[in-house]
Amino acid sequence: MTRFIALASVLGALAVSGLAHPFSGDAVARKRQLDHHIGNATSYTPSGVGACGVTISPDQFAVALAPDFFTASSSCSENLTVTNANTGVTKYALVLDECDSCTGQNLELTVPLYEALGGSLSHEPLEVIWY
Ligand SMILES: *[C@@H]1O[C@H](CO)[C@@H](O)[C@H](O)[C@H]1NC(C)=O
Ligand SMILES: *[C@@H]1O[C@H](CO)[C@@H](O)[C@H](O)[C@H]1NC(C)=O
């Protein structure tokens, strides 16, 4: 129940922020906001060049998308909005990699991003809403 309320308030906040800036978002951004996904995020430490062809530092915020969602030509450098489904904490990070082992809408996040969202490395995964 608590979790449901947290999720509802996150989605409500997203809807309100959409209304608060009626002219700032283009249609593509709004469509992406509606097409939000819910998945489990785990942390990972990138080792060098990711699937987008750029070096990812373990210290930076970056996201690796599951194969179902990763297309190099359109996903790379996409600025993803990732929200902790339990707390509403939201961070932005670029898609720089593909997570071969991720299924469905699950994601891998670099350690600093995972922790900034409130994830604990000793208690994975972290449920997130992303778009
Ligand atoms: C997310 O992880 C939880 C706990 O491990 C699990 O019960 C749930 O089925 C997972 N959800 C998805 C979409 O994999
Ligand atoms: C991603 O989007 C957020 C929210 O609009 C913005 O604050 C941030 O600067 C963007 N990041 C990049 C790298 O474009």
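I take helices (H or I, at least four residues) and strands (E, at least two) as DSSP runs, numbered from the N terminus. The model is predicted, so I note that local features need pLDDT of at least 70, side-chain atom pairs count only at pLDDT 80 or more, and totals for chains, interfaces and linings use all residues. Residues are numbered from 1 along each chain as its sequence is written, while chains are lettered from A and ligands numbered from 1 in the order in which they are written.

Entry on Gly104. I found Gly104 in the loop between strand 6 (90-98) and strand 7 (107-110). Gly104 is exposed, because 12 other C-beta atoms lie within 10 Å; the cut-offs are 20 or more for buried, 12 or fewer for exposed and partly exposed in between, with C-beta atoms placed from the backbone. I looked up its contacts (C-beta atoms, placed from the backbone, within 7 Å). Not counting residues up to four places away in sequence, Gly104 touches Gly39, Ala66 and Asp68. Gly104 and Pro67 are 37 residues apart in sequence, yet 8.3 Å apart in space, C-alpha to C-alpha.

Entry on the sheet. I counted strands as paired if DSSP finds at least two bridges between them. Strand 4 (62-65) runs parallel to strand 6, with four bridges; Leu65 has Glu98 as its bridge partner there. Strand 5 (79-84) runs antiparallel to strand 6, with five bridges; Thr81 has Tyr92 as its bridge partner. In the hairpin of strand 5 and strand 6, five residues lie between the strands, and Gly88 takes a positive phi near 85 degrees.

Definitions and conventions. Contact = placed C-beta atoms within 7 Å.
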